[in-house]
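My entries follow in the order I made them.

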Amino acid sequence: MMQTNDTKTLIVEREMPHSPDKVWRALTQRPLIEDWLMENDFEPVVGHRFDLRADWGVVECQVLAIEPNKALSYTWEAMGLKSVVSWTLTATATGTQLRMEQSGFRPDQQQAYAGAKYGWEKFFTGLERVAGGLS
C-alpha cells in the first residue's frame, strides 16, 4: 500500500480570557467535556480508549499524550476518518492561547474537513463558555 502525505490538517486557534488551568479542566473533565463537545467516557490517561457520542454517531478515540495545562492529544476516528486531535495551551498575559490541530484528512475527505472546520468553531465557543463558568 502506498503511503501518501497529502493529508490536510485543520487548525483552529483562539485566545481565551481564562487561565490554562480552567481551559485544561474544560478539556479533560468528563462532565465539562459533555457540556461543550459530546457525551464521553474520557480519562486523562495515556492509552485510555474512549468514545465521544452524539446523535449522529460515535467517535472512537485513544489518548496519545497528556501534559497537564499544556498539551493533550488523542486519535479521532469516525465515519472513515482516521485523524489525530492535538490541543496546545499557552499561557498569555490575559489568559490562554488555545490551538487545536486535527490532522489526517485525506483528499477525498473534503466534506469531513469542511464539517470539522464548522464543528470546531462551534465547539471552541462552547469550550470558552464552559471554562469561563469555572471558579
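I began with asparagine 69, which counts as partly exposed because its relative accessibility is 30%. The cut-offs I use are under 20% relative accessible area for buried, over 50% for exposed and partly exposed in between, with a 1.4 Å probe and protein chains only.

Before going on, I noted that this is a predicted model, where local features need pLDDT of at least 70, side-chain atom pairs count only at pLDDT 80 or more, and totals for chains, interfaces and linings use all residues. Residues are numbered from 1 along each chain as its sequence is written, and side-chain values use heavy atoms, with hydrogens and water left out.

**Two loop residues with positive phi**

Asparagine 69 sits in the loop between strand E4 (57–67) and E5. Helices (H or I, at least four residues) and strands (E, at least two) are DSSP runs, numbered from the N terminus. I read a phi near 65° for asparagine 69, positive in a residue other than glycine. Most residues other than glycine have a negative phi.

Methionine 79 is in the loop between E5 and strand E6 (81–92). Its phi is also positive, near 50°. Methionine 79 counts as exposed because its relative accessible area is 72%.

**Serine 73**

I then looked into strand E5 (residues 71–78), where serine 73 lies. Buried or exposed, I asked of serine 73? Serine 73 is buried, since its relative accessibility is 11%. Leaving aside neighbours within four places in sequence, serine 73 contacts Gln62, Val63, Leu64, Ala65, Val85 and Ser86. Contact means heavy atoms within 4.5 Å.

Next I took the largest nonpolar core, which has 38 residues. Such a core is a set of buried Ala, Val, Leu, Ile, Met, Phe, Trp, Tyr and Cys residues joined through side-chain atoms within 4.5 Å. Trp36, Leu37, Trp76, Trp87 and Trp120 have the most contacts inside the largest core. Helix H3 (residues 110–132) gives the most to this core, with eight residues. Not counting residues up to four places away in sequence, leucine 37 touches Leu52, Tyr74, Trp76, Trp120 and Phe123.

H3 has 23 residues and reaches 33 Å from its first C-alpha to its last. That is close to the 33 Å expected at 1.5 Å a residue, the expected span being 1.5 Å times one less than the number of residues. Among the buried residues of H3 are Tyr113, Trp120, Phe123, Phe124 and Leu127. Their cover includes strand E1 (8–16), helix H1 (20–28), helix H2 (30–36), E5, E6 and strand E7 (95–105).

**H1 against H3**

How do the axes of H1 and H3 cross? They come within 9 Å and cross at roughly 120°. Axes are lines fitted to C-alpha atoms, for helices over the stretch in contact, and angles run from 0 to 180 degrees between N-to-C directions. H1 and H3 are therefore oblique to each other; under 35 degrees is roughly parallel, over 145 roughly antiparallel, 65 to 115 roughly perpendicular and the rest oblique. Lys22, Val23, Ala26 and Leu27 in H1 meet Leu127, Val130 and Ala131 in H3.

**Proline 17**

Last, I checked proline 17, in the loop between E1 and H1. Proline 17 is exposed, as its relative accessibility is 56%.
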